[in-house]
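Trainee: I have a model open and want to check the terms used for it. Can we go through them?

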Amino acid sequence: MTTDHPNGSLEHEHHPTARRPADPSLAPRRYRSLFRRVALSTAGVTITPLLIMTGINYYQYSRAIEARTRQPIESQTSNTAHAVSFFLKERESAMRFVVTQGTVTLDCTNSQLQKNLTSLRRSLSIGSFVDLGVIDSDGRQRCYAGPHKLQGRSYKDQDWFHAVTLKGVYISEVFLGFRRSPHFVMAIRHQGPGGSFILRATIDTKELSEQILTIGLRPSSDAFLVNRKGVLQSSSRTYGPALSRCPLAVPHRAEGVHVVERRDEKGHLFLGFSYIDGSPFVLMHIKRAEEAMGSWISLRGEMLTFLGISVILILLVIYFVSRNMVRRIREADEARAQVFHKMEYNNKLASVGRLAAGVAHEINNPLAIINEKAGLLKDRITLSDDDFPQEKKLLANIDSILKSVKRCSTITHRLLGFAKHMDIKFETIALDDLLREVLSFLDKEASFRSIGVSFHVHPETPRIRSDRGQLQQVFLNIVNNAFAAMDDRGRLEITIQPTDHQTVEVHIQDDGVGIPEENLQRIFEPFFTTKPGIGTGLGLSVTYGIVEKLNGSLRVKSEVGKGTLFVVELPVGDPDLLDT
Amino acid sequence: MRSLRVLIVDDEQELVGALVERLDMRGVDAHGAHDGATALEMVEQRDFDVVLLDLKMPGMGGLEVIGRMHERRPELQIILLTGHCDAENTVKGKAAGAFDCLVKPVDIDTLLSMLNKAAGR
């Protein structure tokens with residue numbers, strides 16, 4: 001029995017020319033490794049530069065954007081630092097002016113000092129002087145003008161007094177002063193004609209804070225002063241009013257303006273700082289990274305997404321293209337191998353044919369001689385009037401010679417027929433009619449041996465264009481073989497059906513002895529026979545050759561003890577016939 | 001009726017001899033030749049009804065002999081004798097002027113009936 005594949009082809013088909021599993025150069029392993037090599041090398045060659053380029057771009061962009069972010073911070077910080085320094089220097093100069101002009105001396109009066117204070121307040125518009133005080137070299141407050149009552153106070157033991165005595169100028173840290181707003185103290189020492197004294201002023205930071213520090217600030221930026229310990233010296237919109245703690249660690253002292261990266265609880269930020277010379281202040285200018293780097297971060301995201309999608313697409317395309325390419329290569333290799341095998345087989349066939357033809361011709365002549373001489377012997381006995389001793393036996397012997405000659409001549413004729421190129425005469429043929437005709441030749445044998453023949457013809461089977469005589473030979477041969485394989489009362493089933501690729505299939509299924517697996521490959525070989533002494537072993541190879549010449553295919557499937565199926569597939573040949 | 005006059009041409013002498021003798025026994029006036037040249041001579045020298053001609057002979061090939069014979073004797077019927085009467089041989093032979101083709105080894109009765117047919121009897 002046979003089992004048909006759902007798509008109509010036979011499992012384990014046997015072609016004498018298709019040797020897929022046995023051929024090592026067509027092993028699937030080889031193509032898998034080819035696919036892997038092709039895919040990996042293509043992927044490597046395409047993805048590596050992409051990665052490198054993206055990496056370089058990423059790196060360069062990030063550097064550029066960082067520079068672009070840092071630079072304005074740096075310059076802004078620098079400008080603000082200069083402004084703060086200038087502010088302080090301006091106050092200092094004003095105080096020096098006051099003392100060098102002689103309007104403030106050791107012998108001062110409060111009211112005179114007050115006048116100085118007023119004029120100072122008028123001339124400098126921002127960062128007002130809140131009070132003024134003159135302190136002698138012993139640390140005693142001589143005069144005072146301002147809101148507090150500091151007359152007669154002694155500062156002898158205070159650090160700032162020592163500092164200003166030593167250095168000549170002193171700026172204090174910020175404290176909460178008059179009306180609880182942040183102030184700082186500036187003091188200068190002056191060597192006057194009457195001795196050295198210290199002019200001390202308290203300065204309000206309000207306008208320093210509001211104007212210098214916060215001018216032109218973006219919402220995501222902040223600028224403020226801290227002392228070296230991180231206590232705010234001015235109010236920060238981020239970290240609170242003056243004298244709160246700034247959570248950012250104050251960077252180590254460095255000359256000029258620097259920009260560093262820091263993190264606070266709100267996230268990543270850039271910190272531009274500058275130590276203000278001659279003061280305890282450090283200017284801190286912060287800018288949120290998200291705002292500064294916002295465009296970079298989105299660009300970076302886009303780059304990575306692009307890279308990711310590209311890599312995936314590339315891999316997909318490479319996978320499918322490589323797979324298809326390797327498949328095509330394999331198919332081409334297989335087709336080529338098939339063609340080679342076919343050529344080889346045809347060549348073998350052709351040379352066998354030529355050999356056979358030569359032999360047949362050589363044999364034919366002596367055969368003809370034997371025939372005629374034996375015939376002559378017979379004639380002499382039968383056509384003469386004499387009697388021959390043992391005439392009957394003589395004639396019997398001669399007859400058996402003649403019979404053997406007949407057998408030989410059948411063989412030689414078949415050999416010669418096999419070797420010759422037969423011309424193909426095309427005509428339109430209905431295969432079911434042709435097969436019935438062929439079966440009629442075997443009518444007698446079929447009925448004698450009670451062999452049942454059944455026909456199944458698909459209603460839409462088209463007629464085909466082919467050579468009637470050669471098809472008759474083909475089917476006669478196959479049916480003969482089937483009959484030979486079957487026991488009496490066997491069944492022969494013939495099915496004729498169209499396929500979906502403009503061909504017609506004829507299935508001839510017998511329930512005979514079947515063909516063993518090891519022989520199936522060889523049954524189409526010339527001279528191969530399992531019945532030595534009977535037949536020539538040429539029948540199926542001739543049949544195969546004819547079917548091939550008619551552009552068809554001959555396949556066989558068999559199971560020992562169950563039966564054999566021959567499938568002859570023939571092209572319709574004429575597209576018009578498909579519609580009829 | 002006059003006996004059939006037949007010339008058998010084949011390079012196998014044994015074959016020719018046997019055929020001539022067998023036809024003789026059946027009342028045919030049979031003669032033999034072993035090559036094309038001899039055959040041509042004999043055809044010129046006497047009348048034959050039918051010539052049985054082997055296709056493959058050394059020297060002058062069968063088809064050429066047909067042509068030459070028909071030059072001298074246009075009404076002469078020539079039957080080709082060959083190991084294989086396929087389409088090619090038959091068609092070519094007939095085109096050259098042969099009557100038909102016979103396969104070796106021949107059955108004597110088949111031969112006789114074809115000889116008669118060729119002679120128009």
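Trainee: What makes strand S1 (residues 5–9) of chain B a partner of S2(B)?

Mentor: This is a predicted model. Two strands pair if DSSP finds at least two bridges between them. S1(B) and S2(B) are joined by 5 bridges, so they pair. They run parallel. One of the bridges sets Arg5(B) against Asp29(B) in S2(B).

Trainee: Why are strand S2 (29–33) and strand S5 (100–103) of chain B called edge strands?

Mentor: The order in the sheet is S2-S1-S3-S4-S5 (chain B), and the sheet is open. S2(B) and S5(B) each have a single partner strand, so one side of each is left without a neighbour in the sheet. The twist averages 25° from one strand to the next.

Trainee: How do you know that S8(A) and strand S9 (residues 267–275) of chain A pair?

Mentor: The threshold is at least two bridges. S8(A) and S9(A) have 8, so they pair. The sense is antiparallel. His258(A) stands opposite Phe273(A) in S9(A).

Trainee: Which strands stand at the edges of that sheet in chain A, and why?

Mentor: The order is S7-S10-S9-S8 (chain A). Strand S7 (221–226) and strand S8 (257–264) of chain A each have a single partner strand, so one side of each has no neighbour in the sheet.

Trainee: What makes a residue part of the contact of chain A with chain B?

Mentor: The C-beta atoms of two residues, placed from the backbone, must lie within 7 Å. The contact takes 22 residues from chain A and 15 residues from chain B. Helix H1 (residues 13–25) of chain B gives the most to the side of chain B, with 7 residues.

Terms used:
Residues numbered from 1 in each chain as written. Chains lettered and ligands numbered in written order. Predicted model: local features only at pLDDT ≥ 70, side-chain atom pairs only at ≥ 80, totals over all residues. Helix = DSSP H or I, 4+ residues; strand = E, 2+ residues; numbered from the N terminus. Axes fitted to C-alpha atoms, helices over the stretch in contact; angles between N-to-C directions.
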